[in-house]
Amino acid sequence: MTSFLASTVILIPAFNASRSLPELIMRLRNVLPDVSILIVDDGSSDGTSAVAVQMHATVARHSVNQGKGAALQTGFNYILENLSSDSILTLDADLQHAPEDAPMFFETFRKTHADVIVGWRQRIGTIMPVHRRMSNAFTSFLVGTRTGAVIRDSQCGYRLIRRTVVEQVKLETTGFEAETEFLIKAAQKKFSIEFVPIQTIYGGEKSYMTHWNTTKHFAKILFRDWA
């Protein structure tokens, strides 16, 4: 497992994240000191790229904002074209994913050797907003029904993904719904999916997710015939 960890790249899609990135990168390096970090700046206007460079992260940048799915695919493409990494750890830039949870993904990989390991945020008895609990539970159930897989959290962007998966799964959607698309396609291609419990964190960070649009796009993703 040590070699697998050493050949992992951390991929962080970021939009106007200059305030949270320094703490995020510092905490990630505290728990995963030898892992490379790639920031995909999705057209930020607040100096996100400059902050990432100052923190000695690699940066890929969109000239205009294209959406989280587009940023993830840009990151996947960069890694496939430029790096020999065996796996990719994705997480959000807003500190709603605790870097200290990252080692649990690798421990789960050691036990299961799953192709995709997804963070599972506890819903009951946590500070997750009620509308998010309902949305998460309902969409996870629907994705599980669609794929025949047990899906505990379809929306969480904290994931450990084998390189072989991103070689075969290409995102076509550009927004937050892309993470659901990824799980559906991975399941259809018979990649194994496991879940690891992570902390449920909600602070005062600004969310760029528009709930109505995201729900509408999710419905299109769920019922689309992915060839």
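User: Which residue is the bridge partner of I88 in strand 6?

Analyst: Happy to show you! Two strands pair if DSSP finds at least two bridges between them, and strands are DSSP runs of E with at least two residues, numbered from the N terminus. Here I88 has I161 as its bridge partner in strand 6. A word on the model: it is predicted, local features need pLDDT of at least 70, side-chain atom pairs count only at pLDDT 80 or more, and totals for chains, interfaces and linings use all residues. Residues are numbered from 1 along each chain as its sequence is written, and side-chain values use heavy atoms, leaving out hydrogens and water.

User: How many bridges hold strand 4 and strand 6 together?

Analyst: Four bridges pair strand 4 (residues 87-90) with strand 6 (residues 159-162) in the antiparallel sense. Strand 5 (residues 116-121) also runs antiparallel to strand 6, joined by three bridges. There, V116 has I161 as its bridge partner.

User: What lines the largest cavity?

Analyst: First, the idea: rolling a probe the size of a water molecule over the atoms shows where empty space is left. A cavity is a set of points on a 1 Å grid over the protein atoms alone where a 1.4 Å probe fits but cannot get out, and lining residues have an atom within 4 Å of a point. In this structure, the lining of the largest cavity includes I161, R159, T90 and F76. Helix 4 (68-82), strand 6 and helix 8 (178-188) each give two or more residues to that lining.

User: How much space lies in the largest cavity?

Analyst: About 60 Å³, where a volume is the space filled by probe spheres set on the grid points, joined across faces, edges and corners.

Conventions: 1 Å grid on protein atoms, 1.4 Å probe; cavity = no way out; pocket = protein on both sides within 12 Å on 5 of 7 lines; lining within 4 Å.
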